[in-house]
Each structure stands twice: as C-alpha cells, then as structure tokens.
Amino acid sequence: MSSSLNLNANVQNEDLDTGTCFDVAAEAEQNFMNNMATRFRIIPRDEIAYNVFAAAYDGCVEAGGPS
C-alpha cells in the first residue's frame with residue numbers, strides 16, 4: 001500500500017511530461033487490465049488497477065526513469 005502513498009507524493013512533486021514514468025505506468029496498467037479480461041474474463045476493481053499503476057510508476061522512478 002505504500003506504493004499508492006508514494007505515487008500521490010510523486011505526482012504532487014514532479015512535472016509529468018510525455019514519455020515519462022507516468023506513461024510507462026499507464027501502459028502497464030492497461031496491459032494488466034487487457035490481460036485479465038482476455039485470459040481470465042474478469043475486470044479487476046479500480047483499486048487493483050490503481051495499485052498496478054502505482055507499483056509500475058514507483059518502479060520506474062526508482063530505476064531512474066524510462067529507458
């Protein structure tokens with residue numbers, strides 16, 4: 001759950017340009033949602049999708065940004 005809290009702090013403290021960790025996280029979230037719908041025929045709750053976004057965003061920031 002710390003990922004969610006970190007995302008909120010990061011969003012408030014950084015300018016989000018195109019091609020940034022925000023875009024990487026949005027793509028990861030969309031891929032997760034598509035995969036769950038295709039493979040398991042379920043649509044995860046918004047909270048689960050947000051946690052995927054937050055984890056991807058935090059991971060990208062910790063890794064130094066998108067490559």
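I number residues from 1 along each chain as its sequence is written. Because the model is predicted, I take local features only at pLDDT of at least 70 and side-chain atom pairs only at pLDDT 80 or more, while totals for chains, interfaces and linings use all residues, and side-chain values use heavy atoms, with hydrogens and water left out.

I looked at residues 1-6 next. Their pLDDT stays under 50. The model has nine contacts (heavy atoms within 4.5 Å) for them beyond four places in sequence. Where pLDDT is low, the predicted coordinates should not be read in detail.

I then searched the whole structure for disulfides (cysteine sulfur atoms within 2.5 Å). I found one. Cysteine 21 pairs with cysteine 60, with the sulfur atoms 2.1 Å apart. The pair links distant parts of the chain, 39 residues apart. Cysteine 21 lies in helix 2 (residues 21-40) and cysteine 60 in helix 3 (residues 46-62). Helices here are DSSP runs (H or I, at least four residues), numbered from the N terminus.

Which hand does the disulfide have? The torsion about the S-S bond is about -75°, so the disulfide is left-handed.

Both cysteines are buried, meaning under 20% relative accessible area with a 1.4 Å probe, protein chains only.

Methods: pLDDT is the predictor's confidence in each residue, from 0 to 100. Helices (H or I, at least four residues) and strands (E, at least two) are DSSP runs, numbered from the N terminus. Buried means under 20% relative accessible area, exposed over 50%, partly exposed in between (1.4 Å probe, protein chains only).
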